[in-house]
Amino acid sequence: MKKFLKIFAFLIFIITFSFIFPAFSQEKIEIENENETDFLENVIKKAEAGDPESQYLLGYMYDYGELMEQDSPAAFAWYKKAAENGHTEAQFMTGIMYHKGWGVSQDNSEAVKYYRMAAESEHSGAQFNLGVAYYKGEG
């Protein structure tokens, strides 16, 4: 009998929660949309002011279509700005984009330049890509 009551109570809880949850879900979506807009505006403002972390983040968002349309040339431009401001991951991503020709004309010598910058900051991916580029005679 105790087991039956526990199962019955659990079912009542699930049924009640299923009616309440959509209201919580809608409220959360509205809050997230407000927060996303504020977040994006803040990132753009900081990136334009020269903050390397925000420049990298904006490049990432353009690269992967997060909170905006995917745009490889814009991603490249922001990655490169962050890279020139010393952001290690942006240096690596700028190297990849030059190497693959994503959002910019393919240029292996520029790719190696940015891989080297990131590799000097001990970025393991950049060190690997730099080694491969040297092996292939691209650097």
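Leu67 is partly exposed, with a relative accessible area of 37% (buried means under 20%, exposed over 50% and partly exposed in between, using a 1.4 Å probe and protein chains only). Before going further, note that this is a predicted model, where local features need pLDDT of at least 70, side-chain atom pairs count only at pLDDT 80 or more, and totals for chains, interfaces and linings use all residues. Residues are numbered from 1 along each chain as its sequence is written, and side-chain values use heavy atoms, with hydrogens and water left out.

Helices here are DSSP runs of H or I with at least four residues, numbered from the N terminus. Most residues other than glycine have a negative phi. Leu67 has a positive one, near 65°. Glu122 also has a positive phi, near 65°, and is found in the loop between H5 and H6.

| Residue | Relative accessible area | Class |
|---|---|---|
| Leu67 | 37% | partly exposed |
| Glu122 | 67% | exposed |
| Ser54 | 7% | buried |
| Tyr115 | 2% | buried |

**The cores**

Nonpolar side chains tend to be buried together in soluble globular proteins. A nonpolar core, as used here, is a set of buried Ala, Val, Leu, Ile, Met, Phe, Trp, Tyr and Cys residues joined through side-chain atoms within 4.5 Å. The largest one in this model has 21 residues, and Tyr56, Tyr79, Phe92, Met93 and Tyr115 have the most contacts inside it. H3, helix H4 (88–100), helix H5 (108–120) and helix H6 (124–135) each supply at least two residues of this core. Apart from it there is another core, of seven residues, including Leu40, Ala47, Met68 and Trp78.

Now for some of the neighbourhoods, where contact means heavy atoms within 4.5 Å. Leaving out residues up to four places away in sequence, Tyr79 touches Tyr56, Gly59, Tyr60, Asp63, Tyr64, Ala90, Met93, Thr94 and Met97. Tyr115, in helix H5, is in contact with Phe92, Gly95, Ile96, His99, Ala126, Asn129 and Leu130, again setting aside neighbours within four places in sequence.

**How H4 meets H5**

Two packed helices are described by the angle between their axes and the distance between the axes. For H4 and H5, the axes come within 8 Å and cross at roughly 160°; axes are lines fitted to C-alpha atoms, for helices over the stretch in contact, and angles run from 0 to 180 degrees between N-to-C directions. The two helices are therefore roughly antiparallel to each other, a label for angles over 145 degrees. On the H4 side, the residues in contact are Thr88, Gln91, Phe92, Thr94, Gly95, Ile96, Tyr98 and His99, and on the H5 side Asn108, Glu110, Ala111, Tyr114, Tyr115, Met117 and Ala118.

**Two serines**

Ser72 belongs to helix H3 (residues 72–84). Its side chain makes a polar contact with the side chain of Gln70, at 3.0 Å; a polar contact is a pair of N or O atoms within 3.5 Å, where within protein one must be able to donate a hydrogen and the other to accept it, and residues adjacent in sequence count only if both atoms are side-chain atoms. Ser72 also touches Met97, Trp102 and Gly103, not counting residues up to four places away in sequence. Ser54, for its part, is in helix H2 and is in contact with Val43, Lys46 and Ala47, leaving aside neighbours within four places in sequence.

Notes: Angles under 35 degrees count as roughly parallel, over 145 as roughly antiparallel, 65 to 115 as roughly perpendicular and the rest as oblique.
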